[in-house]
Amino acid sequence: MTALLEVKSISKAFGDFYANSDISMKIMPGEIHALLGENGAGKSTLVKMMYGVLRPTAGEFHWNGQPIVMTGPAFARELGIGMVFQHFSLFEALTVGENVALSLPKDLAMSDVNQKVREVSENYGLPLDPDRAVHSLSVGERQRIEIVRCLLQDPKLLIMDEPTSVLTPQEADRLFETLEQLSSEGCSILYISHKLDEVRRLCNTATILRHGELVASCDPSKETPRSLAEMMVGTKISSVSKADEVTGDEKVRFSTSNLTVPAEDPLGTDLKAINMSVRSGEILGIAGVAGNGQDELFNALSGEVLANGSDAVVIDGVAVGKQGINQRRKLSAAFIPEERNGHAAVGDLSLSRNALLSTHATSPNQRRGLIDDGALRGYVDEVVKHFDVRASKDNANAASLSGGNLQKFAVGREMLREPGVLIVSQPTWGVDAGAAAVIRQALLDLASRGAAIVMISQDLEEIFEVSDSIAVISEGTLSEARPAKDITVEEVGLLMGGITGEGGDHVHAA
Amino acid sequence: MFMRLEARSEPSPIMTYLSPVIAVSVTVIIVGFIFVGMGIDPFVGLKTYFITPLAKLSSIYELLAKASPLVLIAVGLIFCFRANIWNIGAEGQYTLGAIFGGWVAVSFHESESMLLLPAVLLAGVVGGMLWAAIPALLKIYFKANEILTSLMLTPVAVLLLDYLVRGPLRDPDGYNMPESRFFPDAAILPTLFNSYSFHIGIFVSLLVAILATVLLYKAMLGYKVDVSGSAPRAARFGGFSSIRMTIIVFLISGACAGLAGTMEVSARTGQLIPTIPLGYGFTAIIVAFLGRRNPIGAVFAGLLLALSYMGGEEVQVKLQVPSDLTGVLQGLLLFLLLGCDTLINHRFVFSRKEIAHES
């Protein structure tokens, strides 16, 4: 059988850096083909070339056996390639139907478009109301718009870039049903992911990338998650060890009561009456689908945005709701934001000057407004040593570090201060498995020394791996925290969907 | 054939400092060709433009006196530019400095007090700061773009000066000329070496440049400015208020421009006249960037730009070349500097075919 799309020795270089080198693979008609790899392995680069967004540096594509030059996304669509990106391109202020109409021929009447949307959404089990405005939809529903938009063009190959990273487990299940139906109708699917369970369940073939190179092709259902992970990462993965359980009589070190903060950004999420309390030695994991108020929560807990009342945030018995981030740091709190470059660190400053960013209020690195660069260098050396931060040269600029190393620096910078309260958002997002294990172990060790930790994360595996108790944030509301041992992944999934005790559909109707 | 710009993964740090040198060299070469186009021997032209003004000690003093306000204003602007605040209105702040300082000097025209000169300088600083505070506050309260507001306030300042010297501050014994009284001696900056040009304000400018270097590279203030400029979210994470930074950098820059303005009237004109604003506030923008947003760099860049003014006058007198050549040269210099910076951070990529086969 001829492959639908054959990739022949494709390479892509950005400057001196090869994001893909000499990759060859075949996508057969009707198969669900997984493209596996860690963040930065080159998956997105490869599919962007397949979709004509990027041009390869070398190599060629064959479509149904014929060599082709992918000149752009329009040409790819003409061939019958559809792509659902990780980040959606939708107009929030327009309706579902209007968004779909934008990618269709101009002379089509709106009523016809809406009719088509209804047909496709019914046929493929993708419930969507064409008259709803996009801004009122959940992320899962928005993804459906993108899928419907592709299906209307009758694709032969559908590329999905990390589709479940924004979905609750229940929404993901629905998506899998749709994909299986498409595949049975003869449409090939290229499924990009780093989640092993879903790949094993869904896909017939898997191509695994590591550091821009193809390392293996296999049938994922015949592999174990562990063997797939080891192919992906290239090393044996160490697991973290959890400390003893927290007893209920440790003192509360961090709490919020009725923390209510309106969103700064008009499209942001308002925080509504957030209550939490974290004891010494406890790690509270806050799960949730991206965009449900995690950023706003981090800003309010850190003091980057002030709370509605002084008592709304309490650190070690001191009411700090109306005090800024540096006052909170002086009470032994530390903060690690999600965004490494640009929030936790300044890319074009050296590591030592970045060490100053969060330590200037509490350490002797500056006196009477003058900076002690010698002391800062010493501080950076400590961080580098304890957290195995690898940089191209001594005291390099933050931007020159890889994502994982910069994250280890950002974590180590706060850990070294031995904080009593730590608020951390997405501690291992986009970090390789080795670094992730180091960071998670550091969090567990810090808690075992008596710190209270709040960890905001979208990674359920991580939440269950390190948390003592788990709460879920959904549309700016935080569920009651429950002990990790008493809550299941499914329950957390339902809470992520916004409602307790009901199915995952239409939960965002409010 | 395709040609496009691609970001370099690691721009060369040496080239970042060589960029002004290259830009200046190419500017000189192009100006040489302009001379050729005008039928003037380029070597004679260039020598007259760049060397002759340096031949006499008195012209060196004049060069320093011209560089002084350029450097001082540029040093203030560097704080703004590093904080990613685009204060384009230094010319207006300079003019207000001259007005405030001049007003104090004229108001006490019979005074012989030792305190008058410090009062004149201080008034100039205050005037510049007040004028700079307007775009700062408009930006904070109304999110008004500071490029537009600061620039638009400049002609307001210039016309205010014009009104004052024709109205309230006009010299009563001045035969209706649009000029203020002459300042009393106690309001004049002393000069040195029996020179008319070499006034002690030159040292003040140099001192401010050194102080600014320490503030920018060794003090928390400069650190906050840099962080605010390159990563606003990181600045908030560091607990640095963006409102406070906006106010501070505008006030520093207004103070420097105001001081430059009041020193200029005190040391050089000795009275308020409508032609005090000569464009130093705009030229200082070139000085700030040519000096790599570094105060010591600005000292050298200021000297070069001062030379461009003097060279322009020299070729006008000696070779009958229009002094507009100065503007052409300054424009070329800025253009080439920006071009060099672009090529240091990016490179051209040529590709003959849509898919190039490389090894």
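A crossover is right-handed if, with the strands pointing away from the viewer, the path from the first strand over the helix to the second runs clockwise. In this predicted model, local features need pLDDT of at least 70 and side-chain atom pairs count only at pLDDT 80 or more, while totals for chains, interfaces and linings use all residues. Residues are numbered from 1 along each chain as its sequence is written, and chains are lettered from A and ligands numbered from 1 in the order in which they are written.

A right-handed β-α-β unit is made by β7(A), helix α6 (residues 169–184) of chain A and β8(A); helices (H or I, at least four residues) and strands (E, at least two) are DSSP runs, numbered from the N terminus. Strands pair if DSSP finds at least two bridges between them. By this criterion, β7(A) is joined through 5 bridges to the parallel strand β8 (residues 188–193) of chain A, with Met160(A) bridged to Tyr191(A). Strand β6 (residues 81–84) of chain A also pairs with β7(A) in the parallel sense, over 4 bridges, and Ile81(A) has Leu157(A) as its bridge partner.

Strand β7 (residues 157–161) of chain A is largely enclosed by the rest of the structure, because 5 of its 5 residues are buried (20 or more other C-beta atoms within 10 Å of the residue's own, C-beta atoms being placed from the backbone; exposed means 12 or fewer, partly exposed in between). In a regular strand the side chains alternate between the two faces of the sheet. Leu157(A), Ile159(A) and Asp161(A) are buried on one side of β7(A), and Leu158(A) and Met160(A) are buried on the other.
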